[in-house]
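Student: I've got a structure open and I'd like to talk it through. Can we go step by step?

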Amino acid sequence: MHYYFITGTSRGIGKALAERALEEANVQVVGFSRQQRIEHPHYTHHSLDLSNVDSLGSTAETIFTKLPNAERIVLINNAGTLGDVKYFGSLEDSKIDQLFSVNVTAPAILMNHFIRAYQTAEAERIIINVSSGVSRYPVDGWSGYCASKAALDMLSEVAALELKEQNVQHFRVHAVAPGIVDTQMQTSIRDVDEQNFSRLQKFKDYKSEGALDNPQQTADKYFYLINHPTEFQEVRQDVREF
Ligand SMILES: NC(=O)c1ccc[n+]([C@@H]2O[C@H](COP(=O)([O-])OP(=O)(O)OC[C@H]3O[C@@H](n4cnc5c(N)ncnc54)[C@H](OP(=O)(O)O)[C@@H]3O)[C@@H](O)[C@H]2O)c1
């Protein structure tokens, strides 16, 4: 049996990842987001707000339990938020906190409990953190988003290093940038005020020129990585290079 735990399954890339996983024969998918949009006999949903990080650890303990006949166990930290697109000086403090909770703290807590629960399991184990190209360069108006994705990359690097140090086999950790994908997040990007984001026109052009990938294509690329372990040695990956 293959088990997938995926955050942000109500739309966009996360929904496509869950639906792609559900195409497999022996699979159980557990999804997390505030809204539920998938109904399937092999799908279980937990409606929760990942910014409520205080209760996330105890929830994770009840979810990452012993899994019968597990051959593969996968955690995909996909849920993310762009946050407030504004320059420093104009940001709302509470929104800074909310962004880092969803994009960094929640994935770190889920990784912690996932590794605790399955470190000694015999199944193949994979953690995939959905990163972004902007983890590596600054974008004006996106301070929290860029910084949160850089943090997610480093959480992934450190977890992979620790598993290697402990000689844990068949347990991979990747931070994978998805490219530019036609989701609600891209709609939100095109809706911001240009004075808070100098690259607005470029993102409008991506859409009008048909340069966005669809979420299903993106999900297929993530599954290519999942299914071809020997081709992906580095922790940080970008689907545009596959
Ligand atoms: N689209 C792109 O071009 C692109 C590029 C680079 C990286 N990414 C990354 O890809 C991932 C998915 O993005 P997307 O484009 O698919 O975005 P999206 O369409 O906005 O979907 C985001 C998902 O995250 C969930 N989510 C957001 N806040 C949440 C919260 N507080 N609690 C629980 N779930 C929450 C949403 O569910 P609810 O609203 O139902 O809670 C939704 O299912 C993100 O990590 C994003 O940073 C996207």
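Student: Which helices each supply at least two residues of the shell around the ligand?

Tutor: First, this is a predicted model, where local features need pLDDT of at least 70, side-chain atom pairs count only at pLDDT 80 or more, and totals for chains, interfaces and linings use all residues. Residues are numbered from 1 along each chain as its sequence is written. Helices (H or I, at least four residues) and strands (E, at least two) are DSSP runs, numbered from the N terminus. The helices you want are α1 (12-21) and α5 (184-190).

Student: Which residues come nearest to the ligand?

Tutor: Near here means that a residue's C-beta atom, placed from the backbone, lies within 6 Å of the molecule. There are 27 residues around the ligand, and the nearest are Gly8, Gly12, Arg34, Gly80 and Thr183.

Student: How many residues of that shell are nonpolar, polar and charged?

Tutor: Sort them like this: Ala, Val, Leu, Ile, Met, Phe, Trp, Tyr, Cys and Pro are nonpolar, Asp, Glu, Lys and Arg are charged, and the others, Gly among them, are polar. The shell then splits into nine nonpolar, 15 polar and three charged residues.

Student: What does Leu17 touch?

Tutor: Two residues are in contact if their C-beta atoms, placed from the backbone, lie within 7 Å. Skip residues up to four places away in sequence, and the partners of Leu17 are Ile6, Ile76, Asn78, Ala219 and Tyr222.

Student: What order do the strands take in the sheet, and which ones stand at the edges?

Tutor: Two strands pair if DSSP finds at least two bridges between them. Seven strands make an open sheet with parallel pairing, in the order β3-β2-β1-β4-β5-β6-β7. Each edge strand has a single partner, so one side of it is left without a neighbour in the sheet; these strands are β3 (43-47) and β7 (236-238).

Student: How many bridges join β4 and β5, and what does Leu75 stand opposite?

Tutor: Strand β4 covers residues 72-77 and strand β5 covers 124-130, and they pair in the parallel sense over six bridges.

Student: Is Pro107 buried or exposed?

Tutor: Pro107 sits in helix α3. Leaving aside neighbours within four places in sequence, its contacts are Asn77, Asn129, Leu152 and Leu155. With 27 other C-beta atoms within 10 Å, Pro107 is buried.

Student: What about Asn69: where is it, and is it buried or exposed?

Tutor: Most residues other than glycine have a negative phi. Asn69 isn't a glycine, yet its phi is positive, about 50°. You'll find Asn69 in the loop between α2 (56-63) and β4. With 9 other C-beta atoms within 10 Å, Asn69 is exposed.

Key:
Buried ≥ 20, exposed ≤ 12 C-beta atoms within 10 Å, placed from the backbone.
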